[in-house]
Amino acid sequence: MFMKDAAQIKINVGKISLSPDRYFSPDPAQREIARELYDEVKDAPLVCPHGHVDPAMFADENYQYGTPTELLFIPDHYIFRMLYSQGHTLESLGIPLADGGEVKRNHRKIWQIFAENFYLFRGTPTGMWLTHELADVFGVNEKFNGDTAGDVYDHIAAQLEKPEFRPRRLFEKFKIEVLATTDAATDALDHHRKIRESGWNGRIVPTFRPDGIINIDRPDWGENIGKLGEICGFEISSYKKFINALENRRSFFKEMGATATDHAALTPFTVELSEQRAEDIFQRALQGEKNEIEAKLFTGHLLIEMTRMSVEDGLVMQFHAGSYRNHNPQVYQKFGLDKGADIPTATEFTHNLKPLLDKFGNDARLTLILFTLDETTYSRELAPLAGHYPAIKLGPPWWFHDSLNGMRRYRDQVMETAGIYNTVGFNDDTRAFPSIPARHDLARRVDADWLAGLVVRGVLDSGDAQEVIHDLSYRLARKSYKIAAN
Amino acid sequence: MFMKDAAQIKINVGKISLSPDRYFSPDPAQREIARELYDEVKDAPLVCPHGHVDPAMFADENYQYGTPTELLFIPDHYIFRMLYSQGHTLESLGIPLADGGEVKRNHRKIWQIFAENFYLFRGTPTGMWLTHELADVFGVNEKFNGDTAGDVYDHIAAQLEKPEFRPRRLFEKFKIEVLATTDAATDALDHHRKIRESGWNGRIVPTFRPDGIINIDRPDWGENIGKLGEICGFEISSYKKFINALENRRSFFKEMGATATDHAALTPFTVELSEQRAEDIFQRALQGEKNEIEAKLFTGHLLIEMTRMSVEDGLVMQFHAGSYRNHNPQVYQKFGLDKGADIPTATEFTHNLKPLLDKFGNDARLTLILFTLDETTYSRELAPLAGHYPAIKLGPPWWFHDSLNGMRRYRDQVMETAGIYNTVGFNDDTRAFPSIPARHDLARRVDADWLAGLVVRGVLDSGDAQEVIHDLSYRLARKSYKIAAN
Amino acid sequence: MFMKDAAQIKINVGKISLSPDRYFSPDPAQREIARELYDEVKDAPLVCPHGHVDPAMFADENYQYGTPTELLFIPDHYIFRMLYSQGHTLESLGIPLADGGEVKRNHRKIWQIFAENFYLFRGTPTGMWLTHELADVFGVNEKFNGDTAGDVYDHIAAQLEKPEFRPRRLFEKFKIEVLATTDAATDALDHHRKIRESGWNGRIVPTFRPDGIINIDRPDWGENIGKLGEICGFEISSYKKFINALENRRSFFKEMGATATDHAALTPFTVELSEQRAEDIFQRALQGEKNEIEAKLFTGHLLIEMTRMSVEDGLVMQFHAGSYRNHNPQVYQKFGLDKGADIPTATEFTHNLKPLLDKFGNDARLTLILFTLDETTYSRELAPLAGHYPAIKLGPPWWFHDSLNGMRRYRDQVMETAGIYNTVGFNDDTRAFPSIPARHDLARRVDADWLAGLVVRGVLDSGDAQEVIHDLSYRLARKSYKIAAN
């Protein structure tokens, strides 16, 4: 019956039931093949070569998660941004203030708001991951909504107390073969050191992320350069010393297990400056004189310099382009970075990367993995670049596009030109540790279904498809990121 | 048999048969669910919050449509542009000249040309709508082509004479709950007044469209400012008075039932000018001194001003960007506006809207509905913006993209990031009154099939899908456009 | 079982089996209709109005292909670029040096490398075409890989010796109705002349491609102008004489059977210069004074001039925009043009083509066929332009997008706005003569499946679909390119 005046959204109540065939095509022939391919890899170890899990979790064997809200809601801008977009204030959701001031602290009440608004995530990857995670990791079997919020909260809180939920135990239960974190160039990697020294044999490796010392227009750049000097043990008084310091830190990260670096910029602009020009810009920046153009030139130049270093030290280079960070100044000023206000922009690779590629694109020692938020570049620029240059590989669909449809669009637009073997498998790219299995599972299902679609259309034979599902789920990530066997 | 030298296109003859399962996936499992979901809403009232139907139709109880050609062909640039693209002159199709000069007047002959060329619309939304409309509204049961043209013409002409085909009767038959027209800021809304005073209780509301007085580079701007002064009762001699006049007119539109405004621009460029700068530009424009840059600045500034007014008076703000109007100067000079020669351009929201959003993006009192003709912005810019800013909602796929595939691309690219509840349901956006049911029916079918696809893939359970089909077909439009209960 | 340490890719061995239903939807209802539609056209003659086959093949009745590697691998940059992207040097693959220096000549060994790496083409159009070609043209029935490489090589080599494999015999076997080559404006068309004089009645026609004499910034421009003067019999000492020479050559090409011209540029920028301005730029260019801006202006102006000539002489005008040629300077310097290093760029038509369209867009004598590598322009610019301007038609998906998914995206994004009849059917656009049937077959299958999808969703009736499959496979190409009946 049509409910004419039900302006409010009603929420259905029921049991969670994860379909064993979820995310597969409804066509019976395709579904059967998808299921077989998925069965091949559903229990394969997880390779996590790019992500943002806090290594502190593993440094302390008895790490405490805090409340369910602290673990699952407050740190996850994928989630709270959606409630913000519908008019909930960040204060009311317990998001901490940048200045450390007080925010609402009734975590059970925040959880209730979250649950009442969980219908907002219908059809979204966040909705899919969380539904899987609640069921499989925490054993919740009620549908998550306003009616069940309290029970679910109590249930999770009780689980988190159990020894088998300690991070190291979950890491083992999840069958994570390697987990890469993302760490500032100036980080001393103390948590990583503690993990190594603890005798626990979970493999957690750092990733070298130098944005804070490369982007001279950041407000905290001077401070970061100070830290860099301290940690290197010499003053960063010149561009030359800056380059030495970068090499020095890379070498340290490598010793600590890193196999890769990670770089972010608004655009993939690259340019080669003379050493003198670079020195001039650097000196002026040290004295606080910066401008937008010089910042762009310096970043564009450093990208090429960092590429040179990767050629030399063998660290895989990741490059993420196209996010306009902190687009909302009110949210940024009050709540700081990473609050769901990063908005993609149109991105150009063909012209922008040319100076870098002219120099290193043909060097087979280099692995440069490109990520984009501008899907128009998949078929137009990235797949043709990766299908020609020996140095280029394509990262998986990133951020907003790490989703059921996003993965399908990526495969649809990338594979025919770049082929499967110029891509690097899956990244979960998450801060949310307990969501890792759900993310890999979704990706494996989408890959199995995509391959099944090729088999049923006579594009691949089933033997090839069986090879490829192992490549996509496990082997390509391991190979591309130089994850040697344990 | 292969017809080697049949260079001409032959047209098939037969009965129209609208499949009850049209536009649904062929997969039996998905189709069954789609049918159930569609059944939920197929008879729901139509909410029409954005369109271009002439209110004169309803002001006069005995309104005469003219010939079938005058009703269904001549005013519809979606249709005649296609014949023009294949070499038919607009003169031969009876399109009126801008200067009021004579054009071909044999409407039966024009209708015959239309019918002979109806094969051009195979697979197009226009073809789908018209096929539905002929069958369901006019009771035509022959396939429309050169052989049946005359019979169909006579049949429609006879129907149009019947009392039950008067606009008000069709409005009721179509179960239109509310129909918004689009009206110039300087319009006295006489037709709307007559409708209200007639005692008929069909709800037809105006929408405030100020383009003619905001875009100072329009040739008719001075004239429009004159009209604005007349209708407001004071001379628009300053920017300040101009702003007063805008507020004055908005208030009048609101009294007359408007719940929304509508704005169009080539780009979403916004900028905040000082009051002095705005005044200077305005004064020069009054004296006929205009240039492209100042026109862009003034429009960009006024967009922010109109946003402020929406925050204050509560009118929902619609913004349509990216159409290069009157791209064909020969057609424009001879036949005027809206002749199928509006061509989309690449559009940028992330940077362009920032000044407006910095000011009002976090204000939950504002509803700013964005429309685009550049589908690349769906996943890259619009969905992330709507998934963060409380003020932003996304309009349905617009114009060329208001189609079977266009809607699928929109859902595919928008929903995972913005969620369903940052979109505003369907707009029919049409001048063609009798096509309204066909347009809503197509949208409801596409939505039902999309949701069925989610159910059959285990993304939504059927209870949620049942909720959502009501939201997409009816509730979201009603809520977003502040259509209070009748 | 999951193979944890199988880092290498294993290759499956087995018989090739081309599914008779390949590339069709798995849905049984859709598949059945697709099969019926495909049966209608699977044996229809091939119309090849745009491609790069060497006419020398047909000038000599006893033309020798060379080794399988020389025929199928070395000239095909679609293929060797993929091996290059994975770290194989072009030298090791036998690609000839630009300076004529020695390269590896063991063609059997190169073939072995190709076969071992054929897994790289899983899911790519190159993989699909070659698999079809090996089976259907050469009668290979083993799966192509490292194990079978030698046998396949010997088998093909033996086939190539047979009289029935001579190019003219294959041309007839393939049922090619017409094959257009692409020829420089300064080409004397000697091969075409020999073919005509040989008495063989295969129809092979030239296409006029003037890029070498229009783009004044090419290093070989001066040389090309010299050749142009020689072949025309007068010195090209002025812009006026240059225009005369162009008209002169077009007329010669037309006599030799050409029905079309072909133009390429990085962007679709057009502009109308005064005759004096054009003369000035031309004179400076003759003296070696060129700059980027003048080169762009001159090309943009000449595009309009060439359009005028097409209006006058009736040659169909093709325009390919958006490829950044020779993006990799190391590859270009060592190996020259067309080595898989052409990378697409974002392309803009709405503004750029306006000066040309203002002048000739409404002229029904003109057929201007547009091609793009930027798929975002399909729905945003190209379909709306083709759906309005009488002169514009859309070419099929080009280059990287001439693929299973590429064709689906094209139909999805173009057809609803432009309609089927503003497109021009299929182009195989290939240098690889033996791959022609595979390319047409793939396109016909994709079209049949697309139409079947419309039938099964109630968008087209089966009679219309039957008409359209003939249009898409044969009639539209023939009509659009003015291929008169044999």
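## Terms and basis of the model

A residue is called buried when its relative accessible area is under 20%, exposed when it is over 50%, and partly exposed in between, using a 1.4 Å probe and the protein chains only. Helices (H or I, at least four residues) and strands (E, at least two) are DSSP runs, numbered from the N terminus.

The model is predicted, and local features need pLDDT of at least 70, while side-chain atom pairs count only at pLDDT 80 or more and totals for chains, interfaces and linings use all residues. Residues are numbered from 1 along each chain as its sequence is written, chains are lettered from A and ligands numbered from 1 in the order in which they are written, and side-chain values use heavy atoms, with hydrogens and water left out.

## An enclosed strand in chain B

In chain B, strand β6 (residues 260-265) has 6 of its 6 residues buried, so the rest of the structure largely encloses this strand. Ala260(B), Asp262(B) and Ala264(B) point one way from β6(B), whereas Thr261(B), His263(B) and Ala265(B) point the other way, and all are buried.

Two strands are said to pair if DSSP finds at least two bridges between them. By this rule β6(B) pairs in the parallel sense with strand β7 (residues 316-321) of chain B over 6 bridges, and Thr261(B) has Met317(B) as its bridge partner in β7(B).

## An open sheet in chain B

Chain B also holds an open sheet of 3 strands in the order β1-β2-β4, with parallel pairing. The edges are formed by β1 (46-48) and β4 (204-205) of chain B, each of which has a single partner strand, so one side of each is left without a neighbour in the sheet. Strand β2 (residues 176-180) of chain B is joined to β4(B) by 2 bridges, and the two run parallel; Leu179(B) has Ile204(B) as its bridge partner in β4(B).

## Aromatic rings and charges

Rings of Phe, Tyr and Trp (its six-membered ring) pair if their centres lie within 6.5 Å, and planes under 30 degrees apart count as stacked, over 60 as edge-to-face and the rest as tilted. Over all chains, a search of the whole structure finds 87 aromatic pairs. In one of them, the ring centres of Phe73(B) and Phe114(B) are 4.9 Å apart with the planes at 45 degrees, so the pair is tilted. This pair links distant parts of the chain, as Phe73(B) lies in the loop between α3 (68-72) and α4 (77-85) of chain B and Phe114(B) in helix α5 (residues 107-116) of chain B, 41 residues apart. Phe73(B) counts as buried at 0% relative accessibility, and Phe114(B) is likewise buried at 0%.

A charge sits over a ring if NZ of Lys or CZ of Arg is within 6 Å of the ring centre and within 35 degrees of the ring normal. The charged end of Arg439(A) sits over the ring of Trp129(A), 3.7 Å from its centre, and that of Arg445(B) sits over the ring of Tyr38(B), 4.2 Å from its centre.

## A buried histidine in chain C

His320(C) belongs to strand β7 (residues 316-321) of chain C and is buried, with a relative accessible area of 4%. Contact means heavy atoms within 4.5 Å, and, leaving aside neighbours within four places in sequence, the residues in contact with His320(C) include His50(C), Asp262(C), Phe371(C) and Trp398(C).
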